[in-house]
Amino acid sequence: MPSEPAVTIRNVATVGWQVLLSGDQWHTCRKEQDARYIANGVLIADSVAQGERVGEEVARELDEVASMVSRQIGECEALQVMKAAAATARGEVFEPPAASNNAGIAT
């Protein structure tokens with residue numbers, strides 16, 4: 001019997017709730033509810049990355065999670081993971097936003 005996929009969520013007293021995105025990369029948020037919602041999105045994104053789920057319905061689920069993350073938390077790595085997975089589910093190539101630095105701006 002296959003085991004259920006899991007995402008690690010932890011509470012760190014000094015920073016709040018954290019969700020393991022990949023490897024050793026953690027996303028931090030203040031509310032447990034947000035952490036659990038993001039964890040669900042990470043599970044969906046992982047299933048897309050592994051080729052287990054594709055299509056417009058999966059992309060809509062990820063869009064919904066990304067929308068919540070954008071409203072509640074703002075721009076972050078978790079949002080980029082979900083946007084990339086949504087694009088992949090649609091068969092598109094995800095272009096992350098350019099880094100916002102002023103190095104290329106002439107004065």
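The expected span of a helix is 1.5 Å times one less than its number of residues, where helices are DSSP runs of H or I with at least four residues, numbered from the N terminus. What you have open is a predicted model, in which local features need pLDDT of at least 70 and side-chain atom pairs count only at pLDDT 80 or more, while totals for chains, interfaces and linings use all residues. Residues are numbered from 1 along each chain as its sequence is written, and side-chain values use heavy atoms, leaving out hydrogens and water.

Select residues 56–72 to begin, which is helix α2: its 17 residues should span 24 Å, and its end C-alpha atoms are 24 Å apart, so the two values agree. Within α2, colour V58, A59, L62, V65, A66, M68 and V69, which are its buried residues (buried means under 20% relative accessible area, exposed over 50%, partly exposed in between, with a 1.4 Å probe and protein chains only). Now show α1 (32–49) and α3 (77–90), against which these buried residues pack.

Next, look at salt bridges, each a side-chain nitrogen of Lys or Arg within 4 Å of a carboxyl oxygen of Asp or Glu; the whole structure holds four. Select R90 and D63, whose closest N and O atoms are 2.2 Å apart; this pair links distant parts of the chain, with R90 in helix α3 and D63 in helix α2, 27 residues apart.

Finally, select E32 and R36, which form a salt bridge with closest N and O atoms 2.8 Å apart; because they are four residues apart in helix α1, about one helical turn separates them.

Technical notes
Helix = DSSP H or I, 4+ residues; strand = E, 2+ residues; numbered from the N terminus. Contact = heavy atoms within 4.5 Å.
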